[in-house]
Amino acid sequence: MVWGQTSSRGIEDLVARLKADDSSFNALHIMKHRRLNYEDVVILTEALKLNKNLHELISINHTIDCRSAELFGSMLSSNSSLNTLSIGDNRFGDEEIIALISKVDKNNGLEQINLEGKSLGPIGAAALGSSLHRFSRLFALTLSGNRRMGDDGVASFFTACASAAKEPLALRRLELCRLELSSNGLLKGLQFNGCAANSGSAFENIETLDLSCNTLGVGAQCDAFEALLVSMPALQDIELRDCGLGDAAASGLSSALRKGAGTKLRRLSLAANKISIGGILDLANALSSCSAIKQETFAELNLRGNEGLGDDALAAIVKVFQARTATNFKLDIGETKVGVETIQQLAHTPSLVSLSLAGCRSVAILLPIFFQANNYPSIEYLSLSNCDLGEDDVAHVFEGLLTGALPLLACLEIGANPGVETNKSSGMPQQNLDGPLGNLVLKIKEQRPLVDIHWRIGDSPIKQ
């Protein structure tokens, strides 16, 4: 990879390498201190038309006007080696995307287009949707952060895709985060002319859909999420974090599952929403009959931050996964009101390999369950971060590990707890590796060297 130097010079040296078809020159990120005006775009795109080795082009700090966008479009009609493209700063909008795609007859190279944080609105979104069938290998598209799109933009994009595509698009990953999208806008797009099957013909290859940080809690949640699973039958991974969703969304997903949709579902994130016991009980009931559960391909559920969820609802969800034999299940129920029943059921769920209880304030009284004989036989990752654990609680965890409990554990996150913080007068939490806790950590490292203990999410392990 070659990064632009921190100077105000142009790109002539980079263009020279492109013309030479340097085999080591595979990715180009043009930094903001490089000049990239129209004349520079002319020589850059001419060089790229014949280049066979550059696979990634990123220039998100430069203004790309309509004339320059047309040059990039013409280049894409000739170049088949470039597979990742992200150009234009946050002023790149409808006119620019229309100019770009107007010059693309066909492209057989691009696999990923990133248009995050631009200024696309409904007109630009519709134009882009109508052109996607020209990109025969495009499997990932990011439109996140284009807040001007809103409901009308997403509906126009979906409708244009369905109208223009004579066969399913190659798209497998679609990111539509932070678009000010409501359930009404989503439903309108999925029900192109009142027929979800039309949109399904265009989107039947999509496996990953990210709709996080939208306003999907507004509007016809039940109908929208039922249509979502029906119109995208290949979906494996659905991210719906922080969308203001309530029980109606869970009911819509549940209805679709009962009708046989979601057969390939592997991961579902409903984190940071407002789903309560009614929605979760409905979802648990639907999941119990879902083919992805029966075939044991569904592997990850994230309910973190649904603060209204208590022990009854969580236990009902866990019960769905108890009979599984495949050891692949990951569950995040952090920041919920988890209790004894759920933790007991999880202890006898042999498929469970990953569990996050981060932010659950009731964990201290539940700790003994973790270290009883034969409990949690398959768990590899456990997060007890930010659970208000005191030093005695942390010591209980460490001593439990020294008894041989949690035999397959590879990673323990236990940071952001009072028991692992000292020197509060400095204002900076520090690992308490002195005294009894430090001695226990050293014993764990000696007796169970494969266990990494992290003080917070993202930390590297404690060093001896």
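This is a predicted model: local features need pLDDT of at least 70, side-chain atom pairs count only at pLDDT 80 or more; totals for chains, interfaces and linings use all residues.
How are α10 and α11 oriented to each other? They are roughly parallel.

**The α10/α11 pair**

Two packed helices are described by the angle between their axes and the distance between the axes. Helix α10 covers residues 247–258 and helix α11 covers residues 277–288. Their packing angle is about 10 degrees. Their axes lie 8 Å apart. Angles under 35 degrees count as roughly parallel, and α10 and α11 are therefore described that way.

On the α10 side, the contact is made by Asp247, Ala250, Ser251, Leu253, Ser254, Leu257 and Arg258. These meet Gly278, Gly279, Asp282, Leu283, Asn285, Ala286 and Leu287 of α11. By class, the contact of α10 with α11 holds 6 nonpolar, 5 polar and 3 charged residues.

Asp282 pairs with Arg258, and their closest N and O atoms are 2.2 Å apart. Asp282 sits in helix α11 and Arg258 in helix α10, so this pair links distant parts of the chain, 24 residues apart. Arg258 has a relative accessible area of 43% and is partly exposed.

**The chain as a whole**

The protein chain has 464 residues, and 54% of them count as buried. It contains 17 helices and 16 strands. The C-alpha trace spans about 70 × 55 × 40 Å along its principal axes. The accessible surface of the chain is about 18900 Å². Carbon and sulfur atoms account for 49% of that surface.

Taking contacts between residues at least 6 apart in sequence, 84% join residues at least 24 apart.

**Salt bridges**

The structure holds 21 salt bridges.

| Asp94 | Arg148 | 3.8 Å |

Take the bridge between Arg148 and Asp94. Arg148 lies in the loop between β6 (140–142) and α6 (150–164), while Asp94 lies in helix α4 (residues 94–102), so the pair ties together parts 54 residues apart in sequence. The two partners differ in cover. Arg148 is exposed, at 51% relative accessibility. Asp94 is buried, with a relative accessible area of 14%.

Glu180 is partly exposed, at 40% relative accessibility. Arg147 is partly exposed too, with a relative accessible area of 44%.

Some bridges join into a network. Asp237, Glu239, Arg241, Arg267 and Glu300 are linked in this way.

**A covered helix**

Which residues of α9 are buried? They are Gln221, Ala224, Phe225, Glu226, Ala227, Leu228, Leu229 and Ser231. Helix α9 runs over residues 221–231. With 8 of its 11 residues buried, helix α9 is mostly covered.

Conventions:
Residues are numbered from 1 along each chain as its sequence is written. Side-chain values use heavy atoms; hydrogens and water are left out. Axes are lines fitted to C-alpha atoms, for helices over the stretch in contact, and angles run from 0 to 180 degrees between N-to-C directions. Helices (H or I, at least four residues) and strands (E, at least two) are DSSP runs, numbered from the N terminus. Angles under 35 degrees count as roughly parallel, over 145 as roughly antiparallel, 65 to 115 as roughly perpendicular and the rest as oblique. Contact means heavy atoms within 4.5 Å. Ala, Val, Leu, Ile, Met, Phe, Trp, Tyr, Cys and Pro count as nonpolar, Asp, Glu, Lys and Arg as charged, and the others, Gly among them, as polar. Buried means under 20% relative accessible area, exposed over 50%, partly exposed in between (1.4 Å probe, protein chains only). Accessible areas come from the Shrake-Rupley method with a 1.4 Å probe; for residues, only the protein chains shown count as cover. A salt bridge is a side-chain nitrogen of Lys or Arg within 4 Å of a carboxyl oxygen of Asp or Glu.
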